[in-house]
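Q: Please take a close look at one part of this model, the place where the two chains touch, and describe with care what is found on each side of it.

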Amino acid sequence: MLKTLGTFLAADSNFLWTVLIFAALMGLFWVIYTKVPRLKPYRGQLLVITFLTLFTLLLFLCTFSFRVKGIMKYTTAATMPRTWCALMAPVIVLVFVSILNGTCEPDKPFRRWQLSLGIAALVFASVFLFEYIGYYLSSAIFLVVMMALMRERKALRLILVPVCWCLFTYFVFDKLLFITLPAGSLFAGLGI
Amino acid sequence: MGEIFSYLGAGFANLLNVTTLLLVLMGVCVGILGGAIPGISPSMAVALLLPMTYKMDPTQAIIMLMGIYIGANYGGSITAVSINTPGTPSAAVTAFDGYPMAKSGRAGEAMGISLWASTFGGLIGTLILIFFSIPLASVAIRFWPSEYFALCIMGLTTVATLGGKEWQKALSMVLFGLMLNTIGKDPMYSINRFIWGSTALYDGIPMVPILIGLFALGELFSNLEKYDPKEVKFEKVSYKLPKMSYYWKLKWSILRSGLLGCVIGVFPGAGGTIASFLAYDVEKRFSKEPEQFGHGAPAGVAAAEASNSGSVGGAMVPLLSLGIPGSSTAAVLIGALMIHNLTPGPELFTKNPELVYTLFASMFVAHVIMAAVGVLGSNLWVRVTSIPKTILYPLIFVFSILGSYAVEKNIVHVVFCLIFGLIGWMLKKYKYPAAPVVLGVVLGKLMETNFSQIPVVGKGSWAGLYNRPLTIVLFLISIAAIAWPMIQERLQKRKANKA
């Protein structure tokens with residue numbers, strides 16, 4: 001049974017399913033921790049350790065899908081991951097106990113999490129744009145938008161910072177260190 | 001002994017060219033600047049600059065990064081003294097007495113003490129590094145795989161002991177790092193593990209994006225969460241450093257704290273912060289006026305800074321001689337050695353002695369440069385606090401993105417970096433330390449390789465794990481390292497119940 005489950009979870013084609021199951025379980029625990037008044041003040045810390053528990057479980061199950069070669073006399077590819085999983089189990093219990101018996105301080109509330117998450121999304125967008133509009137333009141746009149999100153209102157700074165950054169990266173990375181940064185397929189297509 | 005001096009002489013000779021000296025100078029300046037900016041830790045400064053060294057000569061790359069490490073440890077004290085905002089976590093102790101001194105019009109004295117205590121503390125650490133790491137490496141090269149495996153276990157478990165009240169979380173993070181390390185091809189049989197068909201994961205999760213993500217982006221997301229657009233304007237601080245004779249009275253404090261810092265720095269996970277807290281406490285006990293501590297005692301500033309800088313040399317002892325990092329910044333330096341195809345550990349002394357001894361020599365030079373730069377730019381470094389966050393944070397972001405991309409020119413690495421940045425933010429938010437994750441990632445492969453070699457060397461027997469005295473001693477220390485916080489917790493509870 002472990003082998004069947006492990007093979008299912010580790011299969012390339014089932015990656016999305018694995019992620020969905022993982023996310024669903026995390027969501028379920030989020031609901032549980034929110035509903036139980038005693039657990040609510042520690043919800044974030046409990047979610048981190050729940051993530052580790054599920055991650056450990058996932059890795060442990062996936063080890064059953066590893067190939068076993070004839071030359072593997074004493075150890076296999078699964079030996080070390082299973083060792084860490086086995087050691088992680090009591091540690092997870094210790095963390096849960098320490099959180100529940102009040103050794104740890106309650107979670108601090110989030111403040112401007114929207115700004116952090118918004119900027120994370122902006123980084124993703126910027127990375128996605130690398131290939132199309134190139135590194136220089138993409139990072140210049142990123143800088144302007146991030147500075148604007150941080151409520152920078154001085155126009156001179158909004159112009160000078162991206163320009164100086166692009167010049168710095170061009171001379172240091174391209175000319176000095178010979179690390180060519182992506183020029184972008186759009187400009188390549190236009191023959192620029 | 002004579003051999004050490006002749007190699008060291010060759011190391012100094014290697015430094016005698018303009019490019020190398022400029023790189024040391026650049027490293028120290030960048031380090032001081034990074035350290036002085038609150039929110040940039042030494043590990044973050046080194047991680048951010050790491051990708052820039054990719055195309056450099058390995059020796060030049062390592063000595064520049066070492067310059068950053070040394071400079072950042074001192075830089076943290078500048079804002080701690082001038083505006084009571086430690087630039088680095090370890091400089092928090094410097095602020096205890098440095099800021100009261102500055103407030104009472106003795107900013108120059110406090111700044112001067114922190115500079116010279118850092119310089120001499122660092123030099124003490126460097127001397128100890130040279131005289132301890134060489135014999136230790138010559139012993140370590142004869143280690144059996146079981147001894148190496150036990151040594152790594154010991155290194156990782158001491159992290160838990162030093163994890164403070166929430167040591168369980170530190171331990172869980174070590175194991176998380178070790179698990180992350182099992183992703184990709186296994187080192188013995190080349191079997192793909194946990195890759196779900198992704199070619200980007202064949203060689204495992206790359207080190208540089210993990211380092212930049214956890215140390216730089218994680219910190220940055222956390223800072224952004226607390227970001228207030230209404231910036232606090234600090235009063236301008238200007239001062240004059242006292243004459244050299246002023247510092248003579250602090251010689252014993254500096255010597256004691258430098259030595260203590262170095263010894264503490266040797267233990268993985270301890271680092272400069274614990275070193276400065278302990279040295280401060282020791283110095284307070286030695287002082288004839290302990291009541292002055294916390295109200296502007298020069299010995300308090302000297303103890304904090306000398307121990308903090310002494311810990312740099314200490315943290316390098318296990319890194320160079322055993323391949324085990326003594327601090328989170330040392331873990332980043334291991335990453336630097338790895339991207340230059342160098343194996344940290346005793347083999348470094350036999351295969352790349354010129355790199356090791358040039359590094360030793362560069363540490364002396366970096367401390368001298370740091371003193372000179374500190375004296376000449378004394379009023380300049382304080383001004384870093386006036387850099388607006390609206391410029392600083394976006395620039396660190398683009399530097400991180402560029403850094404994680406530049407090493408392998410792979411966009412997937414940038415995505416990894418961002419994911420680890422978000423993980424780092426959550427870990428910081430919920431007080432799970434990120435440094436043990438890096439230690440786990442760094443030591444994972446070494447542990448797995450040595451563990452798999454135990455039965456090979458023992459011709460099918462696992463006896464190496466229990467019949468070699470050194471292995472047993474190391475395992476016993478590891479067990480004690482885990483048991484100690486548990487016992488301590490019980491004792492404290494019993495004391496509280498009795499009271």
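A: In this predicted model, 53 residues of chain B are in contact with 60 residues of chain A. On the side of chain B that touches chain A, the elements that give two or more residues are helix H8 (167–181), helix H9 (207–225), helix H16 (389–406), helix H17 (411–429) and helix H18 (435–457) of chain B. Of these, H16(B) gives the most to that side, with 11 residues. When the residues on the side of chain B that touches chain A are sorted by class, 35 are nonpolar, 7 are polar and 11 are charged.

The C-alpha trace of chain A spans about 60 × 55 × 30 Å along its principal axes. The radius of gyration of chain A is 24 Å, whereas a compact globule of 192 residues would have one near 16 Å. Buried residues account for 28% of the 192 residues in chain A, where a residue is called buried if 20 or more other C-beta atoms lie within 10 Å of its own. Finally, if one takes the contacts in chain A between residues at least 6 apart in sequence, 60% of them join residues at least 24 apart.

Methods
Residues are numbered from 1 along each chain as its sequence is written. Chains are lettered from A and ligands numbered from 1 in the order in which they are written. This is a predicted model: local features need pLDDT of at least 70, side-chain atom pairs count only at pLDDT 80 or more; totals for chains, interfaces and linings use all residues. Two residues are in contact if their C-beta atoms, placed from the backbone, lie within 7 Å. Helices (H or I, at least four residues) and strands (E, at least two) are DSSP runs, numbered from the N terminus. Ala, Val, Leu, Ile, Met, Phe, Trp, Tyr, Cys and Pro count as nonpolar, Asp, Glu, Lys and Arg as charged, and the others, Gly among them, as polar. The radius of gyration is taken over C-alpha atoms; the globule rule is 2.2 Å times the number of residues to the power 0.38. A residue is buried if 20 or more other C-beta atoms lie within 10 Å of its own, exposed if 12 or fewer, and partly exposed in between; C-beta atoms are placed from the backbone.
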